[in-house]
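Hi,

Here is the structure I said I would pass on. Have a look, and then read on for what turned up.

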Amino acid sequence: MANDMPDVYLNGRFLPLDQAQVSVLDRGFLFADGVYEVIPVYGGRMLRWSEHWRRLEASLAGIRMAPPLSMDELENALQRLIDGEHDQYVYLQITRGYAGKRDHALPAQYQPTVFAMCSPIVSFDRAAGIKAVVLDDIRWKLCHIKSIALLGNILLRQEAVDQGAAEAILARDGLVTEAAAANVFALLDGVLVTPPKGPELLPGITRDLILEIAQENGIAAREGDISLDVLRSAEEIWVTSSTREIVPVIELDGKPVGNGQAGAAWRRMDALYQDFKAKARRGQ
Ligand code: PDD
């Protein structure tokens, strides 16, 4: 980012990161009363901006908050933060902000906090795959809201790290929900399967894009429940998110997935996904 460019966005202002401050009475700080989005940016363009906006609107509705900015206002603000050169992502956080005092009940009046910053997307060797462990999904029952209350996700991810893995695949009542910070796909008898949307999981933008790419390219895919037993016999397992894209899981709970290497279905989908990104980068 050039020196004359603003660093972060906070409540209508563009200012250096070290000057961006919020009140200790901000309900985001006191209660994690807020939602967020992570939007990848290629060639200066936000990928699937309208889908991210729609999910943001749904998250805000889920916490009974009106959008503090219109879609256009927010897009203009975010676009001013973005530098066209590097792959990056926008982190956007909206909290119920300052309400004068600490009270669990929703305040009649408040000043929402809208914060956004850009960070580089760090590329890594996805083809090497990652190790994952299965953990009990201890989170709350409204996981479709992209809430900033992420302690459950954090503790689960750390438990995975403690066990020498990079990601936790979560299960509720014997069924896969998602991962600590990603959605999950499994290749079952040659068909790509991902759990259906519902309050148990975040409706991932990458997840939807993969289903769309599959459909356009005649790749068999469907939404359906994945039991843990079935997951353990999957030919391939992937975790997907805006920042890490599609990552093959090569080992689950210490046992190889498939032949213990990134599979052919992953290679094909990853290539199609990279094509999609390349076109998006060129504005196509
Ligand atoms: N997380 N599920 C959870 C719990 C997530 O945190 C994420 C992404 C996803 C994938 O959603 P998407 O494809 O829209 O990125 C699913 C972001 C990247 C994060 O918290 O940093």
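N11 sits in the loop between strand 1 (8–10) and strand 2; helices (H or I, at least four residues) and strands (E, at least two) are DSSP runs, numbered from the N terminus. The phi of N11 is near 50°, a positive value in a residue other than glycine. Most residues other than glycine have a negative phi. N11 is partly exposed, at 41% relative accessible area (buried means under 20%, exposed over 50%, partly exposed in between, with a 1.4 Å probe and protein chains only). R64 also has a positive phi, of about 60°, and is not a glycine. You'll find R64 in the loop between helix 2 and helix 3, and it counts as exposed at 68% relative accessibility.

A word on the source: this is a predicted model, where local features need pLDDT of at least 70 and side-chain atom pairs count only at pLDDT 80 or more, while totals for chains, interfaces and linings use all residues. Residues are numbered from 1 along each chain as its sequence is written, and side-chain values use heavy atoms, with hydrogens and water left out.

Strand 5 and strand 6 run antiparallel and are joined by 9 bridges; V90 has C118 in strand 6 as its bridge partner.

What about the cores? The largest nonpolar core has 24 residues, and M46, L56, L74, L78, V90 and L92 have the most contacts inside it. Such a core is a set of buried Ala, Val, Leu, Ile, Met, Phe, Trp, Tyr and Cys residues joined through side-chain atoms within 4.5 Å. Elements giving it two or more residues include helix 2 (49–62), helix 3 (71–81) and strand 5 (88–98). A second, separate core of 22 residues includes I130, A182, A186 and V193. Leaving aside neighbours within four places in sequence, L92 is in contact (heavy atoms within 4.5 Å) with residues including L56, L74, L78 and V114.

One last thing to look at: which helix gives the largest share of the lining of the largest pocket? That is helix 4, with 5 residues. Strand 3, helix 5 (205–216) and strand 13 (236–241) are among the elements that each supply at least two lining residues.

Cheers

Technical notes:
Pairing = 2+ DSSP bridges.
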